[in-house]
Amino acid sequence: MEYRVVLIESNRIMLERLSSVIKNTKDCEMVSRYKNPHEALGQSGVFKPNLILLDIDETANMQFVPEFKQSFPQAAILCLSSQWNAQASSQAVQAGAKGYLIKPFTSDELLAAVETFGKNGMGMLSETLAFFSPKGKSGKTTLIANLAMALARKSGQPVGIIDADLQFGDMAVFFNLNPQSTIVEAVRDIKFLSPITLNSYFLPVADKVRVLCGTKRPEFAEYVDLKGFAELLRMAQSLFRYILIDIPPAFSPISVAAAEGATMVYLVAMVSGGFEIRHMQQALEIFKAWPDYAKRVKTVFTRVEPCDSASLGKIERELGYPVEAVLPNEYLLVSAAANNGRMAMDIKPDSPLAHNIDRLADKICGKKHIRWDKS
Amino acid sequence: MEERPWSGIVITVFSTASAVGKTLISINMAAELAKQSYRVCLVDLDLQFGDVCNYLRITPQKTIFDAQEAVRLDIDKFSTEEYITQYQQENVTFAVLASPLKMEEAYNISTEAVKKVLSRLQGEYDYIVLDTSSAFSDLNLAIMDLSTIITFVGIVDFIPTIKNMKIGYDTMRSIGYDRNKIRFVLNRSNSKTRIELQDVEQLLEEEFYHVLTNDFIAARDSIHTGIPLVLDQKKTVLGQDIQRLIAKYTNRLEDTEDSASGVSSWMKRLFK
């Protein structure tokens with residue numbers, strides 16, 4: 001038996017129901033169960049549990065999370081609730097729980113929760129990176145796909161991509177996916193979902209990288225309501241270490257909502273000898289409404305030739321704003337990969353494009369180490 | 001401007017992808033029509049990031065935002081002349097109704113009021129050319145409704161771009177537009193790509209109405225000088241391609257190259 005489970009649930013009927021699910025779950029042993037945390041803290045030590053399921057609908061139970069953590073340092077604590085509540089979830093995680101599970105749950109959901117949260121815990125440190133290109137066509141989908149791979153590789157932690165380009169999202173084509181569920185279904189169902197069930201709306205595209213695809217037809221875009229989208233984002237933050245959002249061009253309610261929900265916004269533009277720098281300036285002007293915009297808003301330019309620090313400096317001077325990264329023109333490489341639906345896999349790791357994306361990933365990962373040191 | 005009993009032709013330039021050359025094509029269409037002494041107004045409806053005035057190197061005082069505000073305030077006092085900026089290159093001139101100068105203005109534009117502005121322009125100009133953004137927004141759907149012709153600009157580069165063209169076309173057909181109203185124009189036909197034109201046509205179940213040669217250098221130079229290709233003394237292949245497209249639109253096309261295939265494809269459509 002892999003998991004030795006202790007269950008704490010005050011409602012008798014629910015206690016029976018959940019016990020029976022746990023008993024019937026592969027790799028799980030129900031070692032003891034209690035109606036309140038006092039009993040559990042006092043008695044369950046003899047059973048050497050490694051998984052504690054604690055009901056927090058009984059709001060007072062939340063305060064026992066640190067005590068459980070102290071008494072059972074080798075055990076993972078999952079909080080149980082009858083409905084998803086982003087605030088309670090984040091409180092639980094801050095108190096030391098690994099994750100949050102909606103009850104009643106099925107065997108599959110229990111296992112998925114253990115697997116998802118067991119190793120890394122819920123994303124207390126989750127970072128959401130939104131990619132926005134003011135006037136469209138910027139190569140940001142290529143950037144996102146490859147950056148996600150690089151981040152997963154470097155951090156060893158789960159990365160999620162959300163294609164929020166509601167009318168013309170290309171992620172599904174880039175990864176050659178034919179999704180049954182997309183952002184439309186996820187937002188529609190969000191009230192009934194928990195992080196674990198939401199996870200199944202994301203399709204795996206590589207080890208530790210999952211994608212929530214965009215709408216299949218532009219007219220479906222109107223089914224994505226902003227409240228649901230914001231909720232989706234918050235819930236996804238408990239699943240992934242990094243979330244990368246592909247935002248549609250131009251300022252619209254959805255692009256603004258995605259940017260506001262993000263830790264970091266990357267404005268991406270393709271150098272084409274037109275007015276892309278002016279458009280970037282116009283877009284930056286809007287973000288200046290944020291008091292912390294200088295920290296939260298970064299710029300990336302693609303198709304920069306020659307792709308070196310001199311070009312970067314030149315763009316910076318013209319733009320009057322720091323440039324986080326420049327990416328080279330790899331049109332043939334990218335188009336061949338995109339046409340084969342192997343966007344992120346076919347770009348050669350030794351190509352300048354992959355190299356520069358790697359460096360950006362380093363910056364994103366590296367920054368986090370600094371934050372950890374401080375805390 | 002005196003009212004006329006007939007209404008002008010509205011040509012919308014639309015695409016489902018950005019950076020395919022909509023603005024360049026719109027400008028050159030307007031310039032070519034103006035060169036043929038039609039009265040032309042070019043309206044920049046890429047509200048947030050419109051480039052028409054950037055490309056033409058003109059500085060508008062008033063924009064579509066001011067025009068639609070005036071319409072909302074009192075349509076009887078509204079006169080289009082106050083809001084247009086004239087573009088002139090030697091003896092060719094056309095009117096431009098610019099996109100908003102500020103982002104917040106772009107955010108606060110009434111589709112209904114824009115429709116009224118356009119309807120007024122239709123009474124005063126022979127041709128109204130509309131440059132758009134690449135999305136099925138309320139505004140774009142409204143102007144496509146009132147358009148005579150939608151020039152659907154496509155490029156053949158990535159599979160995703162083509163997927164979006166197909167989805168866009170299907171959407172427009174499902175809205176109920178006649179296939180005759182939608183004209184596919186392929187830009188940059190010789191660009192480096194592994195995708196065959198015929199495959200795209202098969203997927204779209206539609207032929208390209210017109211094909212523009214790839215000439216990035218000419219396009220870039222034109223953007224830098226602010227002079228439309230069709231008005232440049234120096235003849236470019238791309239400029240001539242656009243002239244031929246306008247010739248098709250104005251029914252002046254000489255019975256040469258295209259007539260054979262044109263008639264046969266027209267026959268095919270008739271009996272489909």
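Select residues 64-73 of chain B, helix H3, and then residues 111-124 of chain B, helix H5. The two pack at about 95°, with 9 Å between their axes (lines fitted to C-alpha atoms over the stretch in contact, with angles from 0 to 180 degrees between N-to-C directions). That makes H3(B) roughly perpendicular to H5(B), a label for 65 to 115 degrees. Now show side chains: B:Ile64, B:Ala67, B:Gln68, B:Val71 and B:Arg72 from H3(B) meet B:Ala113, B:Val114, B:Lys116 and B:Val117 from H5(B), where contact means heavy atoms within 4.5 Å. Color by class and you get six nonpolar, one polar and two charged residues.

A word on the model: it is predicted, so local features need pLDDT of at least 70, side-chain atom pairs count only at pLDDT 80 or more, and totals for chains, interfaces and linings use all residues. Residues are numbered from 1 along each chain as written, chains are lettered from A and ligands numbered from 1 in written order, and side-chain values use heavy atoms, leaving out hydrogens and water.

Zoom out to chain B: 11 helices and eight strands (DSSP runs of H or I, at least four residues, and of E, at least two, numbered from the N terminus).

Next, hop to chain A and pick helix H12 (residues 276-287) and helix H14 (residues 309-319), packed at about 55° with axes 10 Å apart. Touching here are A:Ile277, A:Met280, A:Gln281 and A:Leu284 of H12(A) and A:Ile315, A:Glu318 and A:Leu319 of H14(A). By class, that contact has five nonpolar, one polar and one charged residues.

Methods. Ala, Val, Leu, Ile, Met, Phe, Trp, Tyr, Cys and Pro count as nonpolar, Asp, Glu, Lys and Arg as charged, and the others, Gly among them, as polar. Angles under 35 degrees count as roughly parallel, over 145 as roughly antiparallel, 65 to 115 as roughly perpendicular and the rest as oblique.
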